[in-house]
Amino acid sequence: MVGIGKWAISVNTLFFKGDIVFEIKEKNGEYDIDFTPPEKFKNVSYRYYDLHEEGNALCGKGEVSLLPGKVIEARATFNGDKMTSSVKLPVFGSKTFTLSGRKIG
């Protein structure tokens, strides 16, 4: 399984600036993500699904209560203690954002 551990992604947008921390876990042979949102988004709900490996990448989809009915697609590629992630957000005309991260645990 790829990417198991705790990760931090640096974000610099109009909506949020700072690190987003999450943990990728294995649960009964499946991927699970433990995510604690930043204080600004603590009342927002998140759902992750279709998590699967593609080589050294973890791909999946998600939904967030701020964007009802919209599917977010993500791909995180791992290289040692570094990660590059692409996130496709439907709210911005399906624009793909690239983010960098690092393993912190």
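This is a predicted model: local features need pLDDT of at least 70, side-chain atom pairs count only at pLDDT 80 or more; totals for chains, interfaces and linings use all residues.
**The largest pocket**

The volume of the largest pocket is about 1200 Å³. Its lining comprises 38 residues, of which Ile20, Tyr46, Ile72, Val87 and Leu89 are the closest to the pocket centre. Two or more lining residues come from each of strand E1 (5-12), E2, E3, E4, strand E5 (57-64), strand E6 (72-79), strand E7 (82-89) and strand E8 (95-103). Among these strands, E5 makes the greatest contribution to the lining, with seven residues. By class, 30 of the lining residues are nonpolar, while four are polar and four are charged.

**Residues with positive phi**

| Residue | Phi | Relative accessible area |
|---|---|---|
| Asn28 | near 55° | 72% |
| Asp50 | near 55° | 43% |

Asn28, a residue other than glycine, has a positive phi. Asn28 is located in the loop that runs between strand E2 (17-27) and strand E3 (30-35). With a relative accessible area of 72%, Asn28 is classed as exposed because this value is over 50%.

For Asp50, phi is likewise positive in a residue other than glycine. The location of Asp50 is within strand E4 (residues 46-54).

Conventions
Residues are numbered from 1 along each chain as its sequence is written. Side-chain values use heavy atoms; hydrogens and water are left out. Helices (H or I, at least four residues) and strands (E, at least two) are DSSP runs, numbered from the N terminus. Buried means under 20% relative accessible area, exposed over 50%, partly exposed in between (1.4 Å probe, protein chains only). On a 1 Å grid over the protein atoms alone, a cavity is a set of points where a 1.4 Å probe fits but cannot get out, and a pocket is an open set with protein on both sides within 12 Å along at least five of seven lines; lining residues have an atom within 4 Å of a point. Grid points are joined across faces, edges and corners, and a volume is the space filled by probe spheres set on the points. Ala, Val, Leu, Ile, Met, Phe, Trp, Tyr, Cys and Pro count as nonpolar, Asp, Glu, Lys and Arg as charged, and the others, Gly among them, as polar.
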